[in-house]
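Reader: I would like a close look at one aspect of this model, namely how its parts are packed and joined. Please give the geometry and name the residues involved.

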Amino acid sequence: MEKEVKDNRLYWDGCDTVQLAEKYGTPLFVYSEGELIGRFDELRRDFVEKYENTRVAYAAKAFFPLAMAKLVEDCGMCVDVVSGGELYTAVKAGFPAERIEFNGNNKSREELELAVEYGIGRIIIDSLQELALIEDVCREKGRTMKVLFRITPGVKSSTHDYIVTGKKDSKFGIPLDDDVILPQLKAAIESEYVELYGLHFHVGSQLLDNVSHLQALDILLDLVTKVRDQLGYEMKELNLGGGFGVTYVDEKRPPYSYFLDPMMEKIEGYYSQKGLPRPNVVIEPGRSVAAEAGITLYTVGSIKEIKGVRKYVSVDGGMTDNIRPALYQAEYTGVLANRAQEAANDVVTICGKCCESGDILIRDLSVPKPAAGDVFAIYSTGAYGYSMASNYNKNTIPAVVFVRDGKDRLVVRRQTYDDMIANEII
Ligand SMILES: Cc1ncc(COP(=O)(O)O)c(C=O)c1O
């Protein structure tokens with residue numbers, strides 16, 4: 001998102017971030033609604049309207065408070081949930097059931113019951129036990145369910161190992177072993193409780209090249225052929241997952257079309273060559289919608305200089321609101337929001353306040369010499385920040401504010417100490 005600086009201050013979607021920090025306190029997540037809507041507009045223009053029978057299921061795991069659920073709904077998108085909690089949030093936000101799709105490698109019976117009762121659009125089966133469990137729940141409730149099977153395509157993506165999901169050694173998806181997957185697909189085709197819709201893959205996250213998506217797609221289409229040849233069944237839907245990368249520091253976010261056009265070309269080529277109609281195509285972007293729309297504001301506290309080694313600048317949040325640097329060495333950049341036009345004359349390490357040496361948010365960042373009380377903004381924290389937040393050290397979970405054209409509104413109030421201990425019994 002375009003960075004706007006006025007009178008030495010960082011603005012976000014027309015709002016003065018220093019004023020936001022004063023008004024709501026810090027740490028504070030600030031999201032540009034304009035940017036979120038802009039990403040959905042790009043998806044609509046370059047995918048949904050460009051290609052028939054396509055849809056976008058926003059991956060709720062990236063960021064999904066009620067206000068985001070409402071925004072996703074208002075933008076006409078579907079949603080991909082991975083837990084009873086995300087499903088419940090979608091339901092509470094008034095999301096139409098048929099536009100909810102359910103992923104996850106270990107869905108509980110209770111979660112599946114909720115999904116079947118609510119009558120959601122799709123369940124993406126991720127294990128060999130799941131089909132029988134869904135059938136059982138559907139039998140009990142007198143319902144049917146549309147299902148896809150998530151396969152493990154066995155491709156390696158160029159991203160951090162913790163966010164690779166499509167390689168052979170993965171807890172996600174069903175291994176591509178004909179003896180394993182074909183009997184499962186056959187059982188689904190013959191089932192009176194589920195309607196087999198299609199196949200799904202998700203290769204990994206924060207991908208800046210399209211190689212593994214295209215490799216996985218070839219593998220998916222091979223399976224489509226096998227299912228047609230051996231089981232006489234034509235898939236109605238292909239789900240290509242998410243994983244599209246964003247700008248954190250110097251990387252350049254590829255446009256959606258960079259991933260989607262060659263995949264659509266491959267799919268359309270495959271079906272036109274066979275003389276068959278193309279099935280629905282679905283994608284599940286999460287990070288690429290939410291990451292760059294969000295920033296986190298912190299207040300600078302203690303500053304420690306270890307001569308000849310490093311200068312630690314502590315902020316009032318850390319791994320409790322952004323676990324990604326500690327979890328997989330994710331890199332970020334940021335700025336002193338109240339001194340945004342001053343020249344950098346210091347190199348510092350921005351650290352959190354948690355009792356972990358790994359609670360470092362940014363290493364070796366050039367900034368104007370910071371002082372206690374400065375407001376520090378970290379960019380691109382909109383995905384997997386708030387949604388992965390924890391109460392470690394009994395720090396409270398920050399508030400979330402949406403901003404648009406100079407107006408701000410609170411969408412998640414700051415957790416209080418009382419909220420935090422509400423379920424504890426003495
Ligand atoms: C099944 C599935 N779909 C979609 C996503 C969203 O990925 P991203 O946020 O990288 O777009 C994930 C992320 O882990 C996933 O597991």
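Author: The domain bounds used here come from an automatic or database domain assignment. The model itself is predicted. Under that assignment the protein chain is divided into domain 1, made of 4-31 + 293-421, and domain 2, which covers 51-286. The C-alpha centres of domain 1 and domain 2 lie 34 Å apart. Their contact takes 17 residues from domain 1 and 14 residues from domain 2. On the side of domain 1 that touches domain 2, helix H11 (324-328), strand S20 (399-404) and strand S21 (407-412) each supply at least two residues. By class, the residues on that side of domain 1 are eleven nonpolar, five polar and one charged.

Next come the helix pairs. Two packed helices are described by the angle between their axes and the distance between the axes.

For helix H2 (residues 33-48) and helix H9 (residues 256-274), the axes come within 10 Å and cross at roughly 20 degrees. Angles under 35 degrees count as roughly parallel, and H2 and H9 are therefore roughly parallel to each other. Their crossing is right-handed. On H2 the contact is made by Glu-42, Leu-43, Asp-46 and Phe-47, and on H9 by Tyr-256, Ser-257 and Leu-260. Four of the residues in this contact of H2 with H9 are nonpolar, one is polar and two are charged.

Helix H5 (residues 109-118) and helix H6 (residues 130-141) also have axes that come within 10 Å, and these cross at roughly 50 degrees. H5 and H6 are therefore oblique to each other. H5 passes H6 in a right-handed crossing. From H5, Arg-109, Leu-112, Glu-113, Val-116 and Glu-117 meet Leu-133, Ile-134, Val-137, Cys-138 and Lys-141 of H6. The contact of H5 with H6 has six nonpolar, no polar and four charged residues.

In the pair formed by helix H7 (residues 178-190) and helix H8 (residues 211-231), the packing angle is about 65 degrees and the axes are 11 Å apart. The crossing of H7 and H8 is right-handed. H7 contributes Leu-182, Leu-185, Lys-186 and Ile-189 to the contact, while H8 contributes Val-227, Gln-230 and Leu-231. These residues of H7 and H8 divide into five nonpolar, one polar and one charged.

Strands of a sheet pair through backbone hydrogen bonds, either parallel or antiparallel. Here an open sheet of three strands has the order S1-S2-S3, and the pairing is antiparallel. Strand S1 (4-6) and strand S3 (15-16) are at the edges with a single partner strand each, so one side of each has no neighbour in the sheet. S1 and strand S2 (residues 9-12) are joined by three bridges and run antiparallel. Glu-4 stands opposite Tyr-11 in S2.

The loop between S1 and S2 holds Asp-7. Phi of Asp-7 is near 50 degrees, which is a positive value in a residue other than glycine. Another backbone feature is the cis peptide bond that joins Thr-26 and Pro-27, with omega about -5 degrees. Pro-27 is in the loop between helix H1 (17-24) and strand S4 (28-32).

Conventions:
Residues numbered from 1 in each chain as written. Predicted model: local features only at pLDDT ≥ 70, side-chain atom pairs only at ≥ 80, totals over all residues. Axes fitted to C-alpha atoms, helices over the stretch in contact; angles between N-to-C directions. Helix = DSSP H or I, 4+ residues; strand = E, 2+ residues; numbered from the N terminus. Parallel < 35°, antiparallel > 145°, perpendicular 65-115°, else oblique. Left-handed = near helix turned anticlockwise from the far one by under 90°. Contact = placed C-beta atoms within 7 Å. Nonpolar A, V, L, I, M, F, W, Y, C, P; charged D, E, K, R; others polar. Pairing = 2+ DSSP bridges.
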